[in-house]
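Please look through the structure below with care, and keep it in view while reading the report that follows.

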Amino acid sequence: MKLIKPHFLSELKKHRITLRNVHKDVHGDSTNLNRFALWITKNVGTVEFFLLVFMWTAAWLLWNSFGPEKFRFDSLNSGFVIWLFLSNVIQLFLMPLIMVGQNVQSRHAEALSHHDYEINVKAEKEVEIILHHLEHLDKMLVIALEKLGVDMHEVLEKVDHPAEAPK
């Protein structure tokens, strides 16, 4: 007896795509500068960073307001010029780095989205193939039952109402 290979198996194999690790793809293409910008983006948006800046600012202002006068380097009378200058320089350096980091995150999100779409298309094709196969099996079952002389209405009645079937 010759074994017949189901048609749907070859259809399923046609639609197989190799799954890939999107995270590896995105991070593998990143340069050191992009990774640095991403690190800055992730860490600047934390409570720890806020507390660091707050403590630095508080220490600076307290020292220059209440510290020994001969050791003050940025007085209240001058309007804390050095503090304002350093704060602005830090902001000017951080803003573009954060924007670069956000662009890297955006590319990563787009790659994940595209990969999810590919998986969904693949799953949809496979479900369609399986549904066609089930329809084919239903037809084959009906033909086999008809050849055996089984009344289909009786079988369907038993399937629809199993509690009423004789034991």
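How much space lies in the second largest pocket? The second largest pocket holds about 180 Å³ of space, where a volume is the space filled by probe spheres set on grid points that are joined across faces, edges and corners. A pocket is found on a 1 Å grid over the protein atoms alone, as an open set of points with protein on both sides within 12 Å along at least five of seven lines, and its lining residues have an atom within 4 Å of a point.

This is a predicted model, in which local features need pLDDT of at least 70 and side-chain atom pairs count only at pLDDT 80 or more, while totals for chains, interfaces and linings use all residues. Residues are numbered from 1 along each chain as its sequence is written, and side-chain values use heavy atoms, with hydrogens and water left out.

**The chain as a whole**

The chain contains six helices and zero strands, and its pattern along the sequence reads α-α-α-α-α-α; here helices (H or I, at least four residues) and strands (E, at least two) are DSSP runs, numbered from the N terminus. Of its 167 residues, 19% count as buried, a word that stands for under 20% relative accessible area, whereas exposed stands for over 50% and partly exposed for values in between (1.4 Å probe, protein chains only).

**The pocket lining**

The lining of the second largest pocket includes Phe49, Leu52, Trp56, Ser87 and Ile90. Helix H4 (47-66) and helix H5 each supply at least two residues of this lining, and H4 gives the most, with five residues. Sorted by class, the lining has six nonpolar, three polar and no charged residues, where Ala, Val, Leu, Ile, Met, Phe, Trp, Tyr, Cys and Pro count as nonpolar, Asp, Glu, Lys and Arg as charged, and the others, Gly among them, as polar.

**A nonpolar patch**

On the surface, Trp63, Phe71, Phe73, Ile82, Phe85 and Leu86 form a nonpolar patch with about 600 Å² of accessible area together. Such a patch is made of residues with over 30% relative accessible area and no salt bridge, its nonpolar side chains (Val, Leu, Ile, Met, Phe, Trp, Tyr) being joined within 5 Å, and accessible areas come from the Shrake-Rupley method with a 1.4 Å probe, for which only the protein chains shown count as cover. Helix H5 (residues 81-147) gives the largest share of the patch, three residues. Phe85 lies in helix H5, and Phe85 counts as exposed because its relative accessibility is 53%.

**Salt bridges**

Side chains of opposite charge can pair when their charged atoms come close. The structure holds two salt bridges, each being a side-chain nitrogen of Lys or Arg within 4 Å of a carboxyl oxygen of Asp or Glu.

| Salt bridge | N to O distance |
|---|---|
| Glu126 and Lys122 | 3.4 Å |
| Glu154 and Lys158 | 3.5 Å |

Glu126 and Lys122 are four residues apart in helix H5, so about one helical turn separates them. Lys122 counts as buried because its relative accessibility is 17%. Glu154 and Lys158 are four residues apart in helix H6 (residues 152-160), so they too are separated by about one helical turn. Glu154 is partly exposed, with a relative accessible area of 46%, and Lys158 is partly exposed, with a relative accessible area of 39%.

Definitions and conventions. Patch = residues over 30% accessible without salt bridge, like charges linked within 9 Å, V, L, I, M, F, W, Y side chains within 5 Å. 1 Å grid on protein atoms, 1.4 Å probe; cavity = no way out; pocket = protein on both sides within 12 Å on 5 of 7 lines; lining within 4 Å.
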